[in-house]
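This briefing concerns the arrangement of domains, chains and nonpolar residues in the model shown below. Please keep the structure in view while reading.

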Number of protein chains: 2
Amino acid sequence: MKNKRLVLAARPKGLLVKQADFRMEEVKLPALKEGEFLIKVLFLSVAPVMKFYMQDGAGIEAPLQLGDVMRGRGVGKIIASKNAQFKIGDIVQGKCGWQEYAICDGSPYFMMYKVRQRKLPYSTALGVLGMTGFTSYFGLYHIGELKAGDQVLVSAAAGGVGTTIGHLSKIKNAKAIGLASTDEKCKLLMEKLGYHGAINYKKENISERIDHFFPEGINVYFDNVGGEILDIALTKLKKYSRIVICGRISQYENSLNSSEYALKNWYKIGATRSKMQGFFIYDFEKDFNQAEEQMATWISQGKLMYQEDILEGLEQMPIALNRLFERKNIGKQLVKIAN
Amino acid sequence: MKNKRLVLAARPKGLLVKQADFRMEEVKLPALKEGEFLIKVLFLSVAPVMKFYMQDGAGIEAPLQLGDVMRGRGVGKIIASKNAQFKIGDIVQGKCGWQEYAICDGSPYFMMYKVRQRKLPYSTALGVLGMTGFTSYFGLYHIGELKAGDQVLVSAAAGGVGTTIGHLSKIKNAKAIGLASTDEKCKLLMEKLGYHGAINYKKENISERIDHFFPEGINVYFDNVGGEILDIALTKLKKYSRIVICGRISQYENSLNSSEYALKNWYKIGATRSKMQGFFIYDFEKDFNQAEEQMATWISQGKLMYQEDILEGLEQMPIALNRLFERKNIGKQLVKIAN
């Protein structure tokens, strides 16, 4: 049996990856060893951190070596198995890599979870019911310590993580305002995704619009971008606010020009007795099942909507990755690999 | 009976206050009303925040009006009382103001606490066994979540709050390194105040010296200064570090030149999944007694040393306040008002 895969051919330079940074290989799948199982990949996920794997690893995971299969999570169906824990027909999600078939053992490296059968597309296991949704859930509820009545500001609100923060806030009787780059995204945030309001940060005066929605300030800032928008948000903090540092996609650009943004209003954290905190989603692993169950229930009750942005075909993976940095994706960016 | 007091005569300009910003008044003490009591002030405390009361209030408390008695905490003895809760002979600490005699009622505004009789000078009620010590205690243990084995960096380590962080760390089997402005202060930190090491930030390369003491990085940064030293500390964070934002005396200077320091390495908070948090010491009020008891026990056991820097005479108050900004004080800056 043949497997197609994308390997790292060159370390990317600049904000976007190029086709030449990857090489498509077709290789024969080896026979399964004891403990291994074979996954037919259905969907693959992209995330900004993958740019770091390609470059220097960003201190979180080891960087990839040239010739390595691109690292990334996927969801797929087990079609052969020599592992009693993972049976033929099981749907799993974990580190599949950018390829059509993945051979895994059950070891922790692969972070492989069984996907519960629900009346929802398997793609949700990489989005709202996977790491993306868990990042929203634990980021907002645990790191953000969301309370009823809270005023929540969200950057990159139309991105994978941001798209669920509107409803997750509303469910707890909090009010979320989202920042997005186009009117189309802003409309979606308000009409489908539970946001009380939206700000087009490319066209509108961000500071004035925040004041308009939250004249008394904000309790939670869920930050997916960092940089200048974070700096503005710092001036809007009420006392005892929480800033959830989830991503800083704006800084991936700046770091290329060695012009990392310097934060002017950092001292507001002390002045308002607030908290700014980063987190690692796998620290919440023991509660993933509970979060998945809870969010699936809310989806079935119509309280939580999700949004996916799906390309098709393994060769689309570099394009999908670039869409994050071009801010083109609306919702969780995925690529469908097989039916 | 006559009372001498210092009132605000002019709003200060520049880093230091001037004698002309104050006016010494001698006034007749009015008769006590029902519920009031008269305190003979023994010691008064100074803190950087007082500069803000004189200027704009800094959003924490209302600014003073011209002609108001300067606001500040003191410790004193009750010499007359029409309040059943506060008896003649009681030692109390609270908002006495900059004066020789203070008339208080028991209302929350005065934040008046009875001082427990211990074999320690009453001055400690304003230092290690008062708000200054509580700030160290709750800042380090609660906001800083200190654990055994932690590597702790402290700025303004020879200041009021900083002087107790060395021993409070050591007691929990953590290791503290302090930053101070002179060799004399550095020596004191190591020889008396429980610090494992000290860095003279005026003379030494701060970054290199931190690496020397903590080659693997720091778990806790207890920040009393903000600005550039905070920026360096951010580059030394281990994963899941805690930055306790306690003060930012460096920025009081910069704000005068409208050149607030912009923080370059803010993104390290996300990258290391760390936490940066401010706090308000009165939020821990219900636990003040327990902290006072605990620290008094440690002092009696020789595990906790404290350091005070005491001037004498009410007229010295402006000089005492300036010493904080001139970084002259070694330990908690106090002024003795009466025996």
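How many residues of domain 1 of chain A are in contact with residues of domain 2 of chain A? In this predicted model, 15 residues of domain 1 of chain A are in contact with 16 residues of domain 2 of chain A.

**Domains of chain A**

- Domain 1 of chain A comprises residues 2–127 + 307–336, and domain 2 comprises residues 131–281.
- Taken over C-alpha atoms, the centres of domain 1 and domain 2 of chain A are separated by 28 Å.
- On the side of domain 1 of chain A that touches domain 2 of chain A, 5 residues are nonpolar, 6 are polar and 4 are charged.

**Contacts between chains A and B**

- Chain A places 23 residues in contact with 23 residues of chain B.
- Helix H8 (268–271) and strand S13 (275–278) of chain A each supply at least two residues of the side that touches chain B.
- The largest share of that side, 4 residues, comes from S13(A).
- The side of chain A that touches chain B consists of 10 nonpolar, 8 polar and 5 charged residues.
- S13(A) pairs with strand S13 (residues 275–278) of chain B in the antiparallel sense, over 3 bridges.
- Within this pairing, A:Gln277 stands opposite B:Lys275 of S13(B).

**Nonpolar core**

- The largest nonpolar core holds 192 residues, of which A:Ala157, B:Ile39 and B:Ala157 touch the most other members.
- Leaving aside residues up to four places away in sequence, A:Ala157 touches A:Gly162, A:Ile165, A:Gly178, A:Leu179, A:Ala180, A:Leu189, A:Tyr195 and A:Ala198.
- In soluble globular proteins, nonpolar side chains tend to be buried together.

Technical notes
Residues are numbered from 1 along each chain as its sequence is written. Chains are lettered from A and ligands numbered from 1 in the order in which they are written. This is a predicted model: local features need pLDDT of at least 70, side-chain atom pairs count only at pLDDT 80 or more; totals for chains, interfaces and linings use all residues. A nonpolar core is a set of buried Ala, Val, Leu, Ile, Met, Phe, Trp, Tyr and Cys residues joined through C-beta atoms within 7 Å. A residue is buried if 20 or more other C-beta atoms lie within 10 Å of its own, exposed if 12 or fewer, and partly exposed in between; C-beta atoms are placed from the backbone. Two residues are in contact if their C-beta atoms, placed from the backbone, lie within 7 Å. Ala, Val, Leu, Ile, Met, Phe, Trp, Tyr, Cys and Pro count as nonpolar, Asp, Glu, Lys and Arg as charged, and the others, Gly among them, as polar. Two strands pair if DSSP finds at least two bridges between them. Domain bounds come from an automatic or database domain assignment.
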